[in-house]
Structures are given as C-alpha cells and as structure tokens.
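Work through the exercises below with the sequence and the coordinates open. Each task is followed by a solution in steps.

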Amino acid sequence: MTSQAIGSSVSCADPEAPSTLTVAAAREAILANITPIRTNLRLPLRDALNAVLAQEVISPFDVPGHTNSAMDGFAMAGSDLPQQEYRDFKLIGTAVAGAPFNQSCGKGECVRIMTGAPMPEGTDTVVMQEQSLPINESQVRIAQGQRPGQNVRQAGEDIAQGSVVLNPGRRLTPADLGILASLGFAEVSVRRRPRVAFFSTGDELRSIGEPLGTGEVYDSNRYSLYGMLQRADVELLDLGVVKDDPDALREAFDSADEAADIVVTSGGVSVGEADYTKEILQQLGDMRFWKIAMKPGRPLAFGRLGNSHFFGLPGNPVAVMVTFYQFVLPALHYLATGTPYQPTTLLAESVRDIRKRAGRFEFARGFLQQREDGSFSVDPVGRQGSGILTSMSRGNCFILLSEDCEGVKDGDKVIVQPFSALM
Ligand code: AMP
Ligand code: MG
C-alpha cells in the first residue's frame with residue numbers, strides 16, 4: 001500500500017498549511033489509496049445478506065428443472081387444437097405439481113394439469129380451465145382460438161444449467177438469497193466485511209448518562225456515525241469519547257489502528273485547532289489536513305496509520321454526516337466491493353429560491369416529495385447551519401449544488417441525493 005496519491009493534485013509539502021481541494025479531487029485521492037478487501041469466508045445463506053459475493057455462482061441445473069404448466073387447465077399437443085369451432089378431447093389423467101402424470105398423452109387426448117406440474121409426454125400446450133368446457137367425466141371441449149405452446153414455462157427459461165447467475169463483487173440482495181436457495185446453495189463465499197473503529201475527541205464532550213457542566217455537550221456524533229456505519233454493513237468498534245490528552249489519544253489511535261481497516265474520528269481537525277489530535281496524527285502516520293471547497297464539512301483529515309486508513313471528520317454534527325456520506329461511504333464501498341460507489345440521484349424541481357455562492361460545493365438538506373403526476377419537488381429545510389442536526393432529520397435528501405452553481409430560482413431543476421440511497 002502506498003500513499004503517493006494523497007494530495008497529488010495539490011501542494012502539501014507542509015501538512016500544517018491546509019490545501020483547498022474540490023470534493024471530486026478529495027474523493028479521487030481517497031479512493032486511489034484504498035485497496036479492496038480480498039479475504040474470503042463461507043457464510044450460511046441468511047448471514048450472507050448484504051455481504052459481497054466472492055465467487056462466481058454457476059447454476060448446477062436448469063430452473064425451472066422441468067417444462068411445466070403456468071396455469072390450471074388441460075394439457076394437450078398444440079397440433080391437436082381445433083382450427084375452427086371446437087374439438088372434444090378424451091381426458092386420460094391428472095398432473096399436479098408434486099405428482100406428475102407419467103404416461104404419454106396421445107392424439108385427441110388431454111390431461112388435467114395444475115400450475116407447476118411437469119408437462120406430460122406428448123403435450124406442449126395448456127388451455128386454461130376457464131376456457132374449457134367439461135362435457136362429462138372423461139370429455140373436455142376446447143373451442144378454437146387457442147395458441148399452440150401457450151401457458152407453458154420452458155425448462156431453463158429462468159436459469160440455464162451451466163450459466164453464470166451471479167458475479168463476484170455484488171452485494172447480495174434478498175432476490176439473490178432466493179436464487180441461491182433455488183440452486184440448492186446452503187452457503188456462499190463472501191468477502192470479509194470491513195472493520196471500522198471510531199471515537200470522538202474533545203474536552204467539551206460528555207457521554208450520555210453523565211451530568212453536563214457549563215459549556216459541555218453530549219457526544220452526538222458517535223451515535224449518528226453508529227447509525228450510518230450500521231447501515232453500511234461493517235463490523236463496528238466504538239471506542240467512546242477520548243479526552244484531548246496526548247497519551248489517551250495515542251492509545252486510542254493505536255488500538256483503533258490495530259483492530260480496524262478504517263478509523264473514523266470526529267472533531268479536532270479544524271484549521272487552527274488547538275487540540276493535540278492533529279499533532280499526534282502527524283506523528284502516527286502519513287496524514288493530510290485538507291480544506292475542502294464544500295459546505296458544510298470544510299476540514300477533513302485523511303491518511304494512513306500503521307495498518308488502517310484514517311478519516312478525521314469535522315466536529316460539527318451536520319458536517320460529520322455530510323463528510324461521512326460523501327467521503328467515508330464511497331471509501332467503505334470500494335474497500336468492500338472493489339467497485340465504484342454510485343448512489344442514485346434524482347432530478348427535482350425546487351419550490352424555493354436557494355442562495356448559493358459559486359466556488360464551493362454545497363450539500364443543502366431538502367425535503368423531497370413525489371407529486372401526483374410522478375415528478376419530484378424538493379423544498380430546502382429551514383436553517384442550514386452545520387450545527388443544526390435537525391436539518392438532517394427533517395430533510396430526506398441532499399440538494400447537490402455544485403461549485404459552479406450561483407443559486408437556484410423557484411421552479412429550477414436541481415439534482416438531489418435521497419438519504420435512503422446512501423448506504
Ligand atoms: P471541532 O471540529 O472539534 O472544532 O468541533 C466543532 C464543533 O462541533 C464544536 O462546537 C464541538 O463542540 C462540536 N462537536 C465536536 N465533536 C462533537 C461530538 N462528538 N458531538 C457533538 N458535538 C461535537
Ligand atoms: Mg474540538
């Protein structure tokens with residue numbers, strides 16, 4: 001692992017002089033430093049939900065395994081269907097899903113058949129029950145207008161034997177679990193999940209349950225981080241609140257680095273921050289302190305500790321969430337899957353003017369709604385300060401206002417990133 005790409009697009013000879021980077025350049029520099037996990041393990045099917053597949057899944061047989069009926073009705077040879085008016089067929093037996101009809105069906109004959117039952121020999125067509133007229137116990141009348149081959153599912157029409165059904169690198173979905181089960185797989189080979197250690201830094205922080213003194217705040221970042229990490233399907237190590245004390249910080253960084261692929265902290269990385277955090281980080285590894293042209297979330301530290309990648313997120317609660325979603329999540333996704341992270345975005349009509357300064361990327365929080373005609377509208381939620389965490393809770397999306405945007409007028413189209421797509 002090398003860190004040569006860190007800050008390659010900027011001058012960063014002196015890590016104390018923070019460089020200004022665009023969001024895209026920062027993300028690129030981060031991803032260039034991440035090597036995807038290649039350690040595999042076998043998991044029982046249920047435990048593999050959301051895990052990243054490490055093997056090619058090849059079908060050992062056809063699905064469906066037999067050509068079978070798609071309807072309840074009568075099976076016969078398509079060549080026997082009446083060209084005009086009707087024909088009466090001799091009913092010679094019954095086929096149900098668990099109990100096939102094992103004899104052959106001849107000319108002028110038909111078999112009562114249920115959905116899923118294998119097609120008896122000599123038949124290739126099913127006439128729906130509702131379109132047939134039983135004459136008596138052993139005779140069924142079929143009128144013209146039926147199509148040879150209809151209402152039949154062909155063997156292998158969903159999955160052909162020997163075909164590749166799932167490729168390595170994909171996150172297993174509920175449908176994938178169903179497919180694997182239908183192929184008889186009890187276990188599957190998946191990549192090891194990323195391990196993430198995280199803690200908060202700051203002398204003003206108290207853990208919930210402790211009394212609050214003047215000027216002190218409860219550590220909320222660890223909880224929003226916990227929530228976002230939980231959804232990202234990683235193994236978590238919560239190291240609590242760490243005081244702004246050199247020994248305590250060094251110890252926390254060491255145990256985090258030992259246990260994790262990625263270490264995430266919040267607070268203490270702002271420009272001009274008096275905390276020890278920055279000082280210690282500089283001693284511990286190859287570290288960059290960036291000033292990113294974005295709002296909120298300007299300061300960001302990124303680098304390598306001995307064993308892990310490090311993200312030093314800003315302290316402000318909204319900035320933590322924005323930088324996590326925009327930088328840590330793409331890194332985690334790449335680490336886990338080896339594929340680029342592309343969360344769904346939508347085009348929506350802003351129902352309000354939005355003031356915006358050119359030159360930085362702004363992640364405004366908005367409330368996205370679908371109108372009756374199917375189109376989307378978005379309304380920026382009230383106050384947008386980087387300490388106003390309720391904006392992340394009242395909003396359900398980021399409104400992506402790129403560097404060159406100079407403001408939005410009521411009725412303009414904007415690109416939004418639904419929070420629900422970020423995981
Ligand atoms: P910093 O980046 O350390 O200067 O912190 C910026 C602001 O975020 C300050 O008001 C901090 O009190 C606040 N802050 C930092 N860490 C946390 C945290 N874990 N929970 C809540 N607020 C925090
Ligand atoms: Mg601080």
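A polar contact is a pair of N or O atoms within 3.5 Å; within protein, one must be able to donate a hydrogen and the other to accept it, and residues adjacent in sequence count only if both atoms are side-chain atoms. This is a predicted model, in which local features need pLDDT of at least 70 and side-chain atom pairs count only at pLDDT 80 or more, while totals for chains, interfaces and linings use all residues. Residues are numbered from 1 along each chain as its sequence is written, chains are lettered from A and ligands numbered from 1 in the order in which they are written, and side-chain values use heavy atoms, with hydrogens and water left out.

**Exercise 1.** Find the polar contacts of ligand 1 with S220, N221 and G315.

Solution. Start with the nitrogen atoms of the ligand: one is 3.0 Å from a polar backbone atom of S220, and a polar side-chain atom of N221 lies 3.2 Å from a nitrogen. Next take oxygen: a polar backbone atom of G315 is 3.0 Å from an oxygen atom of ligand 1. The protein covers 78% of the 480 Å² of accessible area (Shrake-Rupley method, 1.4 Å probe) that ligand 1 has on its own.

**Exercise 2.** State which residues of the 14 around ligand 1 are the closest.

Solution. With a cut-off of 4 Å between a residue heavy atom and the ligand, the closest are E204, D219, S220, G268 and E273.

**Exercise 3.** Locate the salt bridge partner of R192.

Solution. Apply the criterion, a side-chain nitrogen of Lys or Arg within 4 Å of a carboxyl oxygen of Asp or Glu. The partner is D261, with the closest N and O atoms 3.1 Å apart. Then place both residues, using DSSP runs numbered from the N terminus (helices: H or I, at least four residues; strands: E, at least two). R192 is in the loop between strand 13 (187-191) and strand 14 (195-201), and D261, 69 residues apart from it, is in the loop between helix 4 (246-259) and strand 18 (262-266).

**Exercise 4.** Examine the backbone at P64, P296 and E85.

Solution. The V63 to P64 peptide bond is cis, with omega near -5°; P64 sits in the loop between strand 3 (57-58) and strand 4 (68-69). The bond from K295 to P296 is also cis, with omega near -5°. E85, not a glycine, has a positive phi of about 45°.
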